[in-house]
Amino acid sequence: MNLEKFLEYMEQDRIIKAGSEIHEYMHYLSQEAIKITMEINNKYHSQEEIKILMEELTGRKIDDSFVLFPPFYTDCGKNIQIGKNVFINADCKFQDQGGIEIGDGSLIGHGVVLATINHELSPEKRGNMLASRIKIGKNVWIGSNSTICQGVEIGDGAVVAAGSVVTKNVEKNTLVGGVPARFIKNIKE
């Protein structure tokens, strides 16, 4: 298993069987992510240094306009794509094995959880995982302490109210909130 094969496999929204080769590779990536996030979180870094560490974590070029306020946590890192002018506030937790895309101009509030992995419901298969990408459009604002669940797409210009749990797609230019998150109103441009 290598990173290219892992990312290709995860793009397919497949089951990851406990103890499988892909599962073992996920564990390897998580250990690498822990090392890098420990460096980000446990001493002061300039934004330029954070950008360089995030490039190491994601394996992708990060635009100079990116801003992150640590601490930041992820258990993979290699399946995160970050657009331009993205701001991620403190204490966010990204479970990105299934893939996370963040569009240009998006704001991620304090303590937001992006969870791309779920487990099978059957007790006999509970160790197996189900992965599905989270896609955040352009100019989205996700309020503090919100959770975005696997497979959710958030349309351009949408706002997720603080403390929400988003289990379904969010239309562009809408405000959603609550547990589970529901439509509140349209946002006029």
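**Reading the terms of a predicted model**

Colleague: Why is Tyr28 called partly exposed?

Modeller: Tyr28 has a relative accessible area of 47%. Buried means under 20%, exposed means over 50%, and partly exposed is in between, with a 1.4 Å probe and protein chains only. The value of 47% lies in between, so Tyr28 is partly exposed. Tyr25, with a relative accessible area of 13%, is under 20% and therefore buried.

Colleague: How many aromatic pairs does the structure hold?

Modeller: There are four aromatic pairs. Among them is the pair of Tyr25 and Tyr28, with ring centres 5.5 Å apart and planes at 35°. Rings of Phe, Tyr and Trp (its six-membered ring) pair if their centres lie within 6.5 Å; planes under 30 degrees apart are stacked, over 60 edge-to-face, and the rest tilted. An angle of 35° falls in the rest, so the pair is called tilted.

Colleague: What separates Tyr25 and Tyr28 along the helix?

Modeller: Tyr25 and Tyr28 are three residues apart in helix H2 (residues 21-41), so about one helical turn separates them. Helices (H or I, at least four residues) and strands (E, at least two) are DSSP runs numbered from the N terminus. Together with Phe6, these two tyrosines form one aromatic cluster.

Colleague: What makes the pair of Phe72 and Phe94 edge-to-face?

Modeller: The ring centres of Phe72 and Phe94 are 5.0 Å apart and the planes are at 80°, an angle over 60, so the pair is edge-to-face. Phe72 belongs to strand E3 (residues 72-74) and Phe94 to strand E6 (residues 92-95), so the pair ties together parts 22 residues apart in sequence. Phe72 is buried at 0% relative accessibility, and Phe94 is buried at 2%.

Colleague: What makes the contact of Glu32 and Lys78 a salt bridge?

Modeller: A salt bridge is a side-chain nitrogen of Lys or Arg within 4 Å of a carboxyl oxygen of Asp or Glu. For Glu32 and Lys78 the distance from N to O is 2.8 Å, so the pair meets this definition. Glu32 lies in helix H2 and Lys78 in the loop between E3 and strand E4 (80-82), so the pair ties together parts 46 residues apart in sequence. Glu32 is partly exposed at 27%, and Lys78 is buried at 8%.

Colleague: How many salt bridges does the structure hold?

Modeller: The structure holds eight salt bridges. Another of them joins Arg133 and Glu101 at 3.5 Å, N to O. Arg133 lies in the loop between strand E11 (129-131) and strand E12 (134-136), and Glu101 in strand E7 (residues 100-102), so parts 32 residues apart in sequence are tied together. Arg133 is buried at 14%, while Glu101 is partly exposed at 22%. Lys51, Glu55, Lys61 and Asp64 are linked in a network of salt bridges.

Colleague: What is the volume of the largest pocket?

Modeller: The volume is about 170 Å³. On a 1 Å grid over the protein atoms alone, a pocket is an open set of points where a 1.4 Å probe fits, with protein on both sides within 12 Å along at least five of seven lines; lining residues have an atom within 4 Å of a point. Strand E18 (174-177) and strand E19 (182-186) are the elements that give two or more residues to the lining. The lining includes Val166, Lys168 and Phe183.

Notes. Residues numbered from 1 in each chain as written. Predicted model: local features only at pLDDT ≥ 70, side-chain atom pairs only at ≥ 80, totals over all residues. Heavy atoms only, no water. Points joined across faces, edges and corners; volume = space filled by probe spheres on them.
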